[in-house]
Amino acid sequence: MKKFTLITSVALFLFTAIANAHGPVRQKAEEQITINAPAEKVWALIKDFGDMSWSPSIAGTKAEGGNTKGATRVLTLKEGGTIKEELKKYDETKMSYAYKITEMSTAKTITHAGAEENVPVLPVDNYSASIDIEAKGDTSVVSWTAGYYRAYTNNNPPAEMNETTANEAVTAILKEGLANLKALAEK
């Protein structure tokens, strides 16, 4: 009986240790909107990787490389800060492109667990996204999908860098961007 209790205790300890050692889980945000405009008209608004003027959270964009894989853009956010992104895939025929964040500026510095932590302007890590347009007769369906980790990659994240904050920030950007794209395309 003592041997069974000892084995059970060790197994529970190992399970707890493994469960607590698990770091952040990859998150996914996906937004979709139907726009009452032909896909070609919607694509014309977003097809230039170096032009994010259709997104209300962006104050300006500086880009290099056009719409070729490896092109970069630096987004200046209306609320301050910058995000540098790299084009990973571009398909004019399918009206689709994919990109990833390569650098971000710091929004603020906080103290967490006795250490100074830089909170990025978008509280995510390893962020990649794609935007796709599907023609549906005289209308279009635009899908914007992002995959990412929370900004704090160690255990016990501060509120500023946890999954909830990351998910809320990304979802807000996607929703706001698509709503504005709809308004522009339906003029």
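In what order do the seven strands of the open sheet stand, and is their pairing parallel or antiparallel? The seven strands follow the order 1-9-8-5-4-3-2, and their pairing is antiparallel. The model described in this report is predicted.

## Overall composition

The protein contains three helices and nine strands. Read from the N terminus, its elements follow the pattern α-β-α-β-β-β-β-β-β-β-β-α.

Of the 187 residues in the protein, 36% are buried.

Strands of a sheet pair through backbone hydrogen bonds, in either a parallel or an antiparallel manner.

Strand 8 and strand 9 illustrate the pairing: they are joined in the antiparallel sense over 11 bridges. Within this arrangement, S128 stands opposite G147 in strand 9.

## Helices packed on the sheet

Helix 2 packs on the sheet and touches strand 1, strand 4, strand 5, strand 8 and strand 9. The direction of helix 2 makes about 150 degrees with that of strand 8.

Helix 3 also packs on the sheet, where it touches strand 1, strand 8 and strand 9. The direction of helix 3 makes about 15 degrees with that of strand 1.

In soluble globular proteins, nonpolar side chains tend to be buried together. The largest nonpolar core of this model has 38 residues, and those with the most contacts inside it are Y127, V142, W144 and V170. Two or more residues each come from strand 1 (27-35), helix 2 (39-46), strand 3 (72-77), strand 4 (82-91), strand 5 (96-104), strand 8 (124-136), strand 9 (139-150) and helix 3 (163-185). Helix 3 gives the most to this core, namely seven residues.

Which residues does Y127 touch, leaving aside those up to four places away in sequence? They are Y99, K100, I101, L122, A146, G147, Y148, V170 and L174. A second, separate core has five residues, including I110, V119, A151 and Y152.

## Aromatic rings

A pair of aromatic rings is described by the distance of the centres and the angle of the planes. The structure holds nine aromatic pairs. In one of these, the rings of W43 and Y90 have centres 5.7 Å apart and planes at 40 degrees, so the pair is tilted. Since W43 belongs to helix 2 and Y90 to strand 4, the pair ties together parts that are 47 residues apart in sequence. W43 is buried, with a relative accessible area of 4%.

Y90 also pairs with Y97: the ring centres are 6.1 Å apart and the planes lie at 15 degrees, so this pair is stacked. The relative accessible area of Y97 is 1%, so Y97 counts as buried. One aromatic cluster is formed by W43, F49, Y90, Y97, Y99, Y127 and Y148. Y99 has a charged neighbour as well: the charged end of R73 sits over the ring of Y99, 4.9 Å from its centre.

Note on methods:
Residues numbered from 1 in each chain as written. Predicted model: local features only at pLDDT ≥ 70, side-chain atom pairs only at ≥ 80, totals over all residues. Heavy atoms only, no water. Core = buried A, V, L, I, M, F, W, Y, C linked by side-chain atoms within 4.5 Å. Buried < 20%, exposed > 50% of the residue type's maximum accessible area, 1.4 Å probe, protein only. Helix = DSSP H or I, 4+ residues; strand = E, 2+ residues; numbered from the N terminus. Contact = heavy atoms within 4.5 Å. Phe/Tyr/Trp six-rings, centres within 6.5 Å; stacked < 30°, edge-to-face > 60°. Lys NZ or Arg CZ within 6 Å of the ring centre and 35° of its normal. Pairing = 2+ DSSP bridges. Axes fitted to C-alpha atoms, helices over the stretch in contact; angles between N-to-C directions.
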